[in-house]
Amino acid sequence: FTDIRTDLVAQIYRDLEHRSSHAFTSMEVGKLESKSEVGKQKLIFQAVLKTCTRLTNEIEIIQKCFPARWMVDVQWGSCVAHQCCHQIKQQIGGGYGHNLPKFTITQLLQLISWTERYHEVMTRVFPDITIKQYEDVNFGGHPHYRDNNSEKLQNEHIVESFIWSNNVLWEIQRMTQEEFLVRTQETTDEYLTNAYCAEPVKIR
């Protein structure tokens, strides 16, 4: 019976994982042909955030559709967390945010707003999971894929994956906020420099 249950948990998780992954491969980006590289990046970024928002909003809906003991909501939440984490890491240039300096102020604010909304939903729906900290947030590897015996995926592995993704998204939010503060400080400094360097206006 234990083996059947374990196999069933693994199969449900794979089905949900495929569904969350398909949401990004099938997302509507818009017409990229006539856009510059910067224009393409903006369209893709908007599409990714829109898809992340839709998947996050579905968590509470799914929670109401299945008994709590089945943990389908936790499995779906883990899949959403993993996919959103993966997609946003790609957008910002990896776990260390190499592309963040290329983002506009508007994009930085949009990303900060989305991560805040994401954590708000997760904290409300999964308070016992979101309160936990992962031991080592290694941007290079997801904990689920460190398990060589993936056929025997169990709920504890799913929760571990969930916690890791949440922690990475907290780190992404921190980096984005730092970039935003640096950028606004630079804008303020430039404005003040121009103001002080401007020729004084003579008042008659």
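**Exercise 1. How much space lies in the largest pocket, and which residues line it?**

The structure is a predicted model, in which local features need pLDDT of at least 70 and side-chain atom pairs count only at pLDDT 80 or more, while totals for chains, interfaces and linings use all residues. Residues are numbered from 1 along each chain as its sequence is written, and side-chain values use heavy atoms, with hydrogens and water left out.

Step 1: A pocket is an open set of points on a 1 Å grid over the protein atoms alone, with protein on both sides within 12 Å along at least five of seven lines, whereas a cavity is a set of points where a 1.4 Å probe fits but cannot get out; lining residues have an atom within 4 Å of a point.

Step 2: A volume is the space filled by probe spheres set on the points, which are joined across faces, edges and corners, and for the largest pocket this comes to about 210 Å³.

Step 3: The lining consists of Ala23, Ser26, Met27, Glu28, Gln46, Ala47, Lys50, Thr51 and Arg54, and helix H2 (residues 37-63) gives the most to it, with five residues. Helices are DSSP runs (H or I, at least four residues), numbered from the N terminus.

**Exercise 2. Describe the lining of the largest cavity.**

Step 1: The structure holds one cavity of 30 Å³ or more, and the volume of the largest cavity is about 30 Å³.

Step 2: Around the largest cavity stand Phe45, Val48, Leu49, Ile88, Gln91, Ile92 and Leu111, and H2 and helix H3 (72-92) each supply at least two residues of this lining.

Step 3: Sorted by class, the lining of this cavity has six nonpolar, one polar and no charged residues, where Ala, Val, Leu, Ile, Met, Phe, Trp, Tyr, Cys and Pro count as nonpolar, Asp, Glu, Lys and Arg as charged, and the others, Gly among them, as polar.

**Exercise 3. How many residues of H3 are buried, and how many disulfides does the structure hold?**

Step 1: Buried means under 20% relative accessible area, exposed over 50%, and partly exposed in between (1.4 Å probe, protein chains only); H3 is mostly covered, with 19 of its 21 residues buried.

Step 2: A disulfide is a pair of cysteine sulfur atoms within 2.5 Å, and the structure holds zero of them. For cysteine 84, the closest cysteine sulfur is in cysteine 52, at 3.5 Å, which is too far for a bond.

Step 3: Cysteine 84 also counts as buried, because its relative accessibility is 0%.
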